[in-house]
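Load the model in your viewer and keep the sequence panel open. The stops below give a selection each time, followed by what is found there.

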Amino acid sequence: MLALLAFAQFISAIDYNIVYVALPEIGRQIGFSTQTLQWVVSAYAVAFGGFLLLGGRAADLLGRRRMFAVALALYGIASLAGGLAASPGLLIAARAVQGLGGALLLPATLSLINTTFAEGPARSRALAVWGGAGGVGLALGSLLGGVLTDALGWESVFFVNVPLAAVAVAGAFILFPAEPRGDRRGGFDLPGALSATLGSTLLVFGLVQGPEAGWGSPIIVGALLAAMALLGLFVAIEARSAEPLMPLRLFTNRSLTAAMAVTFIFMGTFGAQYYILTVYLQDLRGFDALATGLAFLPGGLMALVGTKVSERMLVRTGTRTTLLTGLGLGAAGMIAFGLALSPQGGYAVLLPGIVMISLGQGIAWTAMFVAASTGVAPERQGIASAMASTTQQIGSAVGLAVLVAVINTGPAGAATTDGLRTAGLLAAALTLVGAAVALTLRKPQASRPAQQVASTSPSDTRIGS
């Protein structure tokens with residue numbers, strides 16, 4: 001079961017880096033402008049961020065195995081459509097459906113892990129395996145993206161997901177046991193689902209499109225005001241609902257709320273580094289897709305190493321120290337990376353920064369989701385995972401929008417080395433803010449013997465403040 005859950009994360013991570021490496025080729029072949037090209041990434045983030053809460057509740061209510069399979073089927077179909085797209089609009093639509101698939105997949109995957117493995121060392125190790133599969137996917141995705149784009153064109157980076165998703169869907173029905181209906185508690189909060197989905201989608205749309213359309217444009221102002229109204233309505237509905245989509249009492253869980261803040265900052269800073277490196281190497285230094293893919297390889301491998309380090313640190317030093325280590329190391333790497341950027345610089349001078357960023361990323365990634373699952377009852381693991389993942393995706397959209405505006409300071413909105421350097425240093429400063437948030441987590445308590453932790457049933461875990 002864990003192997004299949006890790007394989008799903010592997011597929012998602014491959015797609016993430018493959019698309020980044022192929023962005024310049026996609027822009028040239030399909031006809032995206034410098035500013036609109038970010039929508040190949042952001043369309044996914046908008047749909048992902050908008051539907052995560054719905055996906056989390058669906059996993060808890062309709063069954064984790066079912067939603068896992070449905071999500072991967074959507075992902076595969078959208079990947080096929082993306083490879084066949086012949087215009088920017090069709091490609092963006094395909095990416096949005098991929099984002100919907102991701103929004104259903106991530107909560108289902110995390111809740112399967114969190115309800116199968118007991119809170120403590122067993123769950124930390126399982127999440128480290130899951131995160132490690134993502135590190136392998138990032139490493140292979142960058143290399144595979146370069147090879148496929150160079151040899152077969154950008155379309156192949158979408159087609160490769162189709163057979164992988166099909167294998168995972170088949171595996172879900174073979175390896176995952178059917179869930180008894182008695183395990184699914186509560187009803188479906190339709191008003192809450194509609195207000196949360198529309199509000200989150202409009203919020204991410206406004207934040208992503210703001211730099212291009214102008215923050216004062218009617219469509220952006222209207223989207224942001226409507227988002228605030230809908231999200232306010234969502235909170236009011238949840239406070240009164242007998243079966244809320246997102247129980248507000250979950251916010252009394254300090255570990256979950258801190259994890260939500262950290263995931264927001266994490267994706268707005270660490271996540272943007274792929275965009276910064278791609279723009280620098282291909283647009284400013286003239287690397288082709290294959291060379292760029294190879295340039296991503298060391299970072300992906302170091303992220304994998306980081307997840308193994310995180311696994312050991314979580315057991316020995318606790319979540320807070322692990323998060324602080326990952327975020328601090330990443331911030332130092334962003335500073336080193338930003339200062340190494342220059343119009344004539346080579347790749348070698350960037351490596352120390354890339355290594356530190358990627359190692360810190362792997363360490364912090366596992367710890368964030370351990371924090372998000374701590375003290376949450378099994379029947380609420382899907383929505384808790386979705387809450388942390390929602391802030392993660394909104395953070396990605398906000399971070400990319402802000403940093404793209406900083407990067408594109410040249411004539412006609414072109415990227416500049418100075419803009420990339422400033423963006424890297426700004427990301428480092430924001431990462432340190434995330435470290436300050438991580439300090440609010442409780443210090444680790446004296447742990448029980450490993451044998452006792454391993455024997456604890458997932459049903460013994462209840463919501464704690």
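What is the handedness of the crossing of helix 11 and helix 12? The crossing is right-handed. The model you are looking at is predicted.

**Stop 1: helix 11 against helix 12**

Select residues 273–284 for helix 11 and residues 289–317 for helix 12. The two axes come within 10 Å and cross at roughly 140°. That angle makes helix 11 oblique to helix 12. Now show side chains at the contact. From helix 11, take Tyr274, Leu277, Thr278, Leu281 and Gln282; these meet Ala289, Thr292, Ala295 and Phe296 of helix 12.

An α-helix has 3.6 residues a turn, so residues three or four places apart point the same way.

**Stop 2: helix 11 by itself**

From first C-alpha to last, the twelve residues of helix 11 reach 15 Å, close to the 16 Å expected at 1.5 Å a residue. How many of the twelve residues of helix 11 are buried? Ten are, and helix 11 is mostly covered. To select the buried set, take Gln273, Tyr274, Tyr275, Ile276, Leu277, Thr278, Val279, Tyr280, Leu281 and Gln282. Then step just past the end of helix 11 to glycine 286, where phi is positive, at about 80°.

**Stop 3**

**Stop 4: helix 4 against helix 15**

Select residues 88–116 for helix 4, together with helix 15. Helix 15 covers residues 381–407. Here the axes lie 8 Å apart and the helices pack at about 130°, which means that helix 4 is oblique to helix 15. The crossing of helix 4 and helix 15 is right-handed. For the contact, show Leu106, Pro107, Leu110, Ser111, Asn114 and Thr115 in helix 4, then Gln381, Gly382, Ser385, Ala386, Ser389 and Gln392 in helix 15. These residues divide into four nonpolar, eight polar and no charged.

**Stop 5: alanine 388**

Stay on helix 15 and centre the view on alanine 388. Is alanine 388 buried or exposed? With a relative accessible area of 0%, alanine 388 is buried. Beyond its neighbours within four places in sequence, alanine 388 is in contact with Met260, Thr263 and Ala372. Next, draw a C-alpha to C-alpha distance from alanine 388 to leucine 53: the value is 9.5 Å, for two residues 335 apart in sequence.

**Stop 6**

Select residues 351–373, which form helix 14. Its 23 residues reach 34 Å from first C-alpha to last, close to the 33 Å expected at 1.5 Å a residue. Helix 14 is mostly covered, with 19 of its 23 residues buried. Glycine 375, which follows helix 14, has a positive phi near 75°.

Move on to helix 16, residues 417–438. Its 22 residues reach 32 Å, close to the 32 Å expected at 1.5 Å a residue. Buried residues in helix 16 include Gly419, Ala423, Ala427 and Gly434. What do the buried residues of helix 16 pack against? They pack against helix 10 (254–269), helix 11, helix 13 (319–340) and helix 15.

**Stop 7**

Go to glycine 31 in helix 1, residues 2–31. Glycine 31 is exposed, because its relative accessible area is 52% and the cut-off is over 50%. Residues up to four places away in sequence aside, glycine 31 touches Ile26 and Pro88. A C-alpha distance from glycine 31 to leucine 359, 328 residues along the chain, gives 36 Å.

Finish at serine 217, in the loop between helix 8 (190–213) and helix 9 (218–240). Serine 217 is buried, with a relative accessible area of 14%. Between serine 217 and threonine 422, 205 residues apart in sequence, the C-alpha separation is 26 Å.

Technical notes:
Residues numbered from 1 in each chain as written. Predicted model: local features only at pLDDT ≥ 70, side-chain atom pairs only at ≥ 80, totals over all residues. Heavy atoms only, no water. Axes fitted to C-alpha atoms, helices over the stretch in contact; angles between N-to-C directions. Helix = DSSP H or I, 4+ residues; strand = E, 2+ residues; numbered from the N terminus. Parallel < 35°, antiparallel > 145°, perpendicular 65-115°, else oblique. Left-handed = near helix turned anticlockwise from the far one by under 90°. Contact = heavy atoms within 4.5 Å. Buried < 20%, exposed > 50% of the residue type's maximum accessible area, 1.4 Å probe, protein only. Expected span 1.5 Å × (residues − 1). Nonpolar A, V, L, I, M, F, W, Y, C, P; charged D, E, K, R; others polar.
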